[in-house]
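Please read the following briefing alongside the sequence and the 3D structure shown here.

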Amino acid sequence: MAHAQRPMEATTTRNAPTTTGRSRRSHAPHDSHDERRGTKKCDHTAITHPKIRFVYIALPRDYRAGGPKEFEAMEGAKMQESQHDRCSKPLESRTALVTGSSRGIGEATAKALDEAGARVILTGRTIADLERVAAGLGNEPVVIPTDLSEAGAGTRLAEAAISRAGGVDVLVNNAGFPIRGAPEDLVEAELDRILAVNVRSILMLVAGLGPTMIERGRGSIINVSSVASLRGPVGRVAYTATKGAIDAMTRALAADWGPKGVRVNAVNPGIIKTAMFESRQDDMTAVAQAMARRVALGRLGEPRDVAELIAFLASDAAGYITGETITIDGGMVHAMTAQEGSG
Ligand SMILES: NC(=O)c1ccc[n+]([C@@H]2O[C@H](COP(=O)([O-])OP(=O)(O)OC[C@H]3O[C@@H](n4cnc5c(N)ncnc54)[C@H](OP(=O)(O)O)[C@@H]3O)[C@@H](O)[C@H]2O)c1
């Protein structure tokens with residue numbers, strides 16, 4: 001496992017080929033590269049779109065040689081429709097940075113944003129995993145390995161994202177880890193580390209990348225919190241403190257930057273099947289079954305469940321949502337399950 005110490009040291013130079021075979025050129029928000037990327041996709045979609053075939057099959061034989069006016073109007077309408085279809089990816093021409101995208105919820109989020117048309121900047125410590133995720137993405141991803149526990153890491157990552165991709169439209173602050181234990185056993189060095197990754201890095205990325213969103217007059221920041229911040233889980237006081245801080249900063253930042261066009265929301269996952277969950281379970285099947293019984297929907301969450309919500313919040317479809325903390329736990333916290341009764 002390779003852990004990079006400095007974001008820029010571990011990255012390739014601009015325009016150099018990536019390990020995935022794609023070029024990593026600068027990606028300013030409105031450059032011709034965007035258009036080239038969009039056009040390539042649009043052409044492909046137009047060729048394979050079933051509605052295009054309908055136009056040619058349904059029209060009379062003499063139509064293409066110059067048919068009646070209504071058919072010309074019909075073609076115009078169809079062409080407009082296909083024009084809309086081929087460019088309808090909600091995050092087309094946008095750039096998104098996802099922290100902790102080497103696995104788990106962050107990896108699923110990177111995939112969902114890429115599918116929605118965004119160019120994704122991947123970051124985490126494990127270069128091999130970041131390259132593996134990058135190989136599965138289609139919009140010329142950028143890999144910037146970073147250890148967010150280091151002093152100055154958030155600022156350096158923001159600077160690298162601006163240098164490599166021209167800033168971002170979407171920032172997903174997902175990297176995080178738990179520590180468990182009795183409150184009386186807390187150790188200051190561990191506290192410093194969890195605060196650095198789970199809280200400080202978010203604020204420094206916001207400070208470093210927020211101005212690129214404000215400049216564009218739009219942006220979406222999504223912070224990954226936890227249902228831990230809504231309850232009082234035993235043996236996780238430090239982790240819960242960091243997630244409570246995320247919820248609070250989400251509301252405050254939404255107030256600061258709402259007038260500048262930047263939306264800020266948090267998602268609060270329940271139990272999601274990732275390495276974080278599995279690392280602390282000896283008998284995964286039994287534990288998972290027991291936990292799923294506490295979930296109204298009867299199953300634990302998949303990383304993709306959270307990723308879909310994040311992709312929605314990143315998009316213009318969520319354009320009137322800001323300052324929210326949105327629970328995504330299959331009904332574990334708020335819905336009362338049959339086992340707990342109703343009295
Ligand atoms: N899974 C759940 O049940 C659950 C529930 C509620 C909330 N959450 C939250 O969801 C987020 C993602 O969790 P997950 O379940 O997907 O966990 P995971 O599978 O353990 O992934 C954590 C990610 O964070 C990165 N990361 C950890 N420490 C880092 C550091 N010092 N610097 C940079 N990146 C670091 C990891 O990358 P590297 O190891 O490569 O650095 C990895 O990509 C976390 O904020 C977590 O608190 C998870």
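G208 counts as buried because 21 C-beta neighbours lie inside 10 Å, where buried means that 20 or more other C-beta atoms lie within 10 Å of a residue's own, exposed means 12 or fewer, and partly exposed falls in between, with C-beta atoms placed from the backbone. The model is a predicted one, in which local features need pLDDT of at least 70 and side-chain atom pairs count only at pLDDT 80 or more, whereas totals for chains, interfaces and linings use all residues. Residues are numbered from 1 along each chain as its sequence is written.

**Helix α8**

- G208 is found in helix α8, the helices here being DSSP runs of H or I with at least four residues and the strands runs of E with at least two, numbered from the N terminus.
- The C-alpha atom of G208 is separated by 9.3 Å from that of G167, although the two residues are 41 apart along the chain.
- From its first C-alpha to its last, α8 reaches 40 Å with its 29 residues, close to the 42 Å expected at 1.5 Å a residue, a span computed as 1.5 Å times one less than the number of residues.
- A kink of about 45° is centred on A196 in α8, the bend being the angle between axes fitted to the seven residues ending at a residue and the seven starting there.
- Just after α8, G217 takes a positive phi of about 75°.

**Strand β4 and its partners**

- Strand β4 (residues 170-173) is covered on both faces, with V170 and V172 buried on one side and L171 and N173 buried on the other.
- β4 runs parallel to strand β1 (residues 95-99), to which three bridges join it, and L97 stands opposite L171 in β4; strands pair if DSSP finds at least two bridges between them.
- Four bridges join β4 to strand β5 (residues 219-224), again in parallel, and V172 stands opposite I222 in β5.
- The chain crosses from β4 through helix α8 (residues 188-216) to β5 in a right-handed β-α-β crossover, that is, one whose path from the first strand over the helix to the second runs clockwise with the strands pointing away from the viewer.

- Most residues other than glycine have a negative phi.
- S93, in the loop between α4 (69-86) and β1, has a positive phi near 70°, and S93 is buried, with 20 other C-beta atoms within 10 Å.
- E140, in the loop between α6 (127-135) and β3 (142-143), has a positive phi of about 50°, and E140 counts as partly exposed because it has 19 C-beta neighbours inside 10 Å.
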